[in-house]
Amino acid sequence: MHRGVGLAAFDREQVSQRFAELSSELSKTQVDHLQSQLTQFRTALSHFATTHRDSIRSDPAFRHAFQKMCLSIGVDPLAGPRKGGWWAEMLGMGDWQYELGVQIVDVCVSTRERNGGVIEMGELVCMVSKLRNGEDASGVITEEDVIRSIKTLQPLGAGYEVLDVGGGKKMVRSVVKELDADQAVVLAEAQVEGGWIVEAILENRRGWTRDRARAALENMLLRDGLCWLDSQDEHYGRAYWVPSAMHWDE
């Protein structure tokens, strides 16, 4: 009886060994096949990049279509040289992304004195486009390009962040401070009015109390430097101007 048990155990060990060998052979075959596919894909993408590199860099619509195609297969050649790896190096897009980031910082810093470190997205896109292409700001970069580039700036810890203030409007913050919910509402309403805002607007449109409206506006004025005070407004006596929500002719 003991001999039978020993033979059965030996047979099971042999079967397990055969399965392990078969599994190893299958794994090697799959790995070889995958490596072959990756080599073919790399060759095809290299050819595509060589042919269309200039279009990827200069044409926003083409660039975003290419980016969408790459993201669908799990690579991101526009993420910069560290995250994009070989793809970014091959396309030459890593330097392009960081160059755009430097220009965004340049605009944000140069306008910070008048807007308190919060700039409307459309104004930022327009000003950066002019930096990149003289006075012709048409079709150089898009909002999506700016959003992606700002994400690469976040590790710097300088406070760069895209803020959604409602109504499809976005602003870019370039200082290390948080906007509370009331301030976001003030920014949204000020944009509707071209940068001008008074307590009565917040009371009538948002149902705020006068104390709440005054506290939000005074915090933006005195604590955060995000608005200017007009103490001689002809209708309300006291009005506020939010530079980041105003329309500036640059």
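Predicted model: local features only at pLDDT ≥ 70, side-chain atom pairs only at ≥ 80, totals over all residues.
In which sense, parallel or antiparallel, do E2 and E3 pair, and over how many bridges?

Figure 1. E2 and E3 pair in the antiparallel sense, over six bridges, and tyrosine 160 has serine 174 of E3 as its bridge partner. The two strands form a hairpin with two residues between them, and glycine 167, which lies in the turn, has a positive phi of about 65 degrees. Strand E3, residues 169-174, is also joined by three bridges to strand E1, residues 118-120, and these strands likewise run antiparallel. Here the bridge partner of valine 118 is arginine 173 in E3.

**Figure 2. Helix H5 and its start.** Helix H5 comprises 13 residues, 121-133, and reaches 18 Å from its first C-alpha to its last, which is close to the 18 Å expected at 1.5 Å a residue. At the start of the helix, a side-chain oxygen of glutamate 120 comes to within 2.9 Å of the backbone nitrogen of glycine 122. The buried residues of H5 are Met121, Glu123, Leu124, Val125, Met127, Val128 and Ser129. As a guide to reading such a list, an α-helix has 3.6 residues a turn, so residues three or four places apart point the same way.

**Figure 3. The largest nonpolar core and the surroundings of valine 186.** The largest nonpolar core has 28 residues, of which Val186, Leu187, Ile197, Leu202, Trp208 and Val242 touch the most other members. At least two residues of this core are supplied by each of strand E2 (160-166), helix H7 (181-192), strand E4 (196-197), helix H8 (199-206), helix H9 (210-223) and strand E6 (237-241). When residues up to four places away in sequence are not counted, valine 186 touches Ile197, Leu202, Trp208, Ala216, Leu217 and Met220. Apart from this core lies another, of 17 residues, among them Trp96, Val107, Ile119 and Val146.

**Figure 4. Alanine 200 in helix H8.** Alanine 200 lies in helix H8 and has a relative accessible area of 16%, so it counts as buried under the 20% cut-off. Alanine 213 is 13 residues away from alanine 200 in sequence, and the two are 8.2 Å apart in space, C-alpha to C-alpha.

**Figure 5. Two buried cysteines.** Cysteine 108 is buried, with a relative accessible area of 1%, and cysteine 227 is also buried, with a relative accessible area of 3%. The count of disulfides in the model comes to zero.

How values were computed:
Residues numbered from 1 in each chain as written. Heavy atoms only, no water. Core = buried A, V, L, I, M, F, W, Y, C linked by side-chain atoms within 4.5 Å. Buried < 20%, exposed > 50% of the residue type's maximum accessible area, 1.4 Å probe, protein only. Helix = DSSP H or I, 4+ residues; strand = E, 2+ residues; numbered from the N terminus. Contact = heavy atoms within 4.5 Å. Disulfide = S-S within 2.5 Å. Expected span 1.5 Å × (residues − 1). Polar contact = N/O pair within 3.5 Å; in protein donor to acceptor, adjacent residues only side chain to side chain. Pairing = 2+ DSSP bridges.
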